[in-house]
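Subject: Structure for your review

Dear colleague,

Please find the structure below, followed by some notes on what was found in it.

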Amino acid sequence: MSLNNLDMLYRQVIMDHYKNPKNKGTIDGDALTIDMNNPTCGDRIQLQLQVKDGVVEDAKFTGDGCSISMSSASMMTQAIKGKSISEALHMSESFSNMMLGEDEHFDDDIQALQGVSKFPARIKCATLAWKALEKAVKS
Amino acid sequence: MDVAAIRQLFPALHQEVNGNPLVYLDSSATSQKPQQVIDAVKNYYEHDNSNVHRGVHTLGNRATEAYEGAREKVRRFIHAKSAAEIIFTRGTTTSINTVAYSYARANLQAGDEIVITPMEHHSNLIPWQQAAKATGAELKYIPLQDDGTISLADAKATITENTKIVAVTHVSNVLGTINPVKEITKFAHEQGAVMLVDGAQGAPHMKVDVQEIDCDFYAFSGHKMLGPTGIGVLYGKRDLLENMEPVEFGGEMIDFVNLYDSTWKELPWKFEGGTPIIAGAIGLGAAIDFLNDIGMDEVHQYEEKLVHYAIDKLQTVEGITIYGPKERAGLVTFNLEDVHPHDAATVLDAEGIAVRAGHHCAQPLMKELGVNATARASFYLYNTLEDVDKLTEGLLKTKEYFGNVFK
């Protein structure tokens, strides 16, 4: 594999999110707060959700981690805003399937993470934010 | 030391990874195995496979001789007084837990202290956290200095008359720091405490003389020193081990069993409940033979040369931060500016270079260093200066790659 093959992983849109993350920060006022880390590598994320009438009105995150975990968090918060909880969970399921190499399609930037499925060691980086979302919903 | 010839003896080193020749720089996680070790395990299963210490039959005798022969090899390797002081375990973690369960819980109470350092691997940290919680003892840390070492003055000041156990790593798996375990043992003994040395990164890379260190316990793993996974060693001074209760009860470790009470075998078998790790011990014995043929002082000097070369070379990479002291064992932990270590490790892997990225099972130390993760290149006797050159080139490419994707 030459470095060119890495372009499958590090798509420009991913690096854009890494460099200029969306929804990075904290929510003022009442919010559902979930901390999640990846014990094998030390990546950590704090996800905050504001849910009203079953709809995600706002989503923000803070954290520290690699380009894949942080860009994934940025994309996810962007995608779930305005969605119902069940829609968000459905997306989470689709995302997990995509990481397993299944044919899933996202209409937004998230699609760029499809290449991660070819790098098994990095799948957990991409799913960290989604795991936090699932944990938040369960609580 | 003829490294080219040594490399020939390690089959796993001769392969391509992602289209490039493998450069294996993760020996602190686990070492590669020479053919001799693989053959010893294979030979046992093909010819001598049998349970130990019970068969009257020929294979049982062969297996017992090989297993106990390995114990004697370990005894000589670390210069223990008696083979009764060599307990085979699953690895360093099990060795330390054995002391934390058997010795610590029986001998500690509220008001007592356990002293460790912030550079401990989780395996020499969490067993003591748990022992402290279970007994009411206090866990104390010898502070870490800015250069990644601990000072003798701090060690002396931290260990008090209330200290009952001191547990310190021989070599830091992150910083490469070689700790003055002999001097710290002296401080421990002056205060009536016992000293445990975590030798997971020590025994594979340098000559170890437990009688010279005078430590009470020394723990290490086979798989980091060319041996198989699943085998490790707990060395303990005989008089201490004699007075300790076993942690696991069952077959192999008993003397007499009555309906309501039993007695234990003598050392070291009272600590080896169940069918032991026979093939693993035999493989470890073969690994020790291999290391002895080269000589541990040779191994240590060669790794020193490698690590000095690596530090000089890596420092030429702009934006690199190297953690730890100048004088160190054969590993370099670093970070590249603006590139997360996982991303660096992925790019290096694409070049066939295997390094570790993450917290290296030392989260409190990462906090002290002010980072969440680092990358680590660790060396062993089969690595070459050329491997270091490839790592350096790989890091330059990593910077270039991320420089480009960021544009």
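Which domains does the domain assignment of chain B give? It gives domain 1, made of 3-30 + 295-405, and domain 2, which covers 37-293, the bounds being taken from an automatic or database domain assignment.

Before the details, a word on conventions. This is a predicted model, in which local features need pLDDT of at least 70 and side-chain atom pairs count only at pLDDT 80 or more, while totals for chains, interfaces and linings use all residues. Residues are numbered from 1 along each chain as its sequence is written, chains are lettered from A and ligands numbered from 1 in the order in which they are written, and side-chain values use heavy atoms, with hydrogens and water left out.

The two chains

Chain B has 14 helices and 17 strands, where helices (H or I, at least four residues) and strands (E, at least two) are DSSP runs numbered from the N terminus. Its radius of gyration is 22 Å, close to the 22 Å that the globule rule gives for 407 residues, so chain B is as compact as a globular protein of that length; the radius is taken over C-alpha atoms, and the rule is 2.2 Å times the number of residues to the power 0.38. Chain A has four helices and three strands, which follow one another from the N terminus as α-β-β-β-α-α-α. The radius of gyration of chain A, 14 Å, agrees with the value near 14 Å for a compact globule of 139 residues.

Between the domains of chain B

The C-alpha centres of domain 1 and domain 2 of chain B lie 28 Å apart, and the contact (heavy atoms within 4.5 Å) takes 35 residues from domain 1 and 34 residues from domain 2. Together the two domains bury about 2700 Å², 63% of it on carbon and sulfur atoms, where buried area is the accessible area (1.4 Å probe) that two parts lose on being put together, summed over both. On the side of domain 1, M296(B), L365(B) and Y380(B) lose the most area to domain 2, together 23% of what that side buries.

Zero salt bridges are counted between these domains, a salt bridge being a side-chain nitrogen of Lys or Arg within 4 Å of a carboxyl oxygen of Asp or Glu.

Between chain B and chain A

Here 21 residues of chain B are in contact with 24 residues of chain A, and the buried area is about 1900 Å², of which carbon and sulfur atoms give 53%. One salt bridge is counted between the chains: D343(B) pairs with R122(A), with the closest N and O atoms 2.8 Å apart. The count of residue pairs in polar contact between the two chains is nine, both residues at pLDDT 80 or more.

Salt bridges overall

Over all chains the structure holds 22 salt bridges. One of interest within chain B joins R376(B) to D26(B), the closest N and O atoms being 3.6 Å apart. This pair links distant parts of the chain, with R376(B) in strand β17 and D26(B) in the loop between β3 and α2, 350 residues apart.

With best regards

Conventions: Polar contact = N/O pair within 3.5 Å; in protein donor to acceptor, adjacent residues only side chain to side chain.
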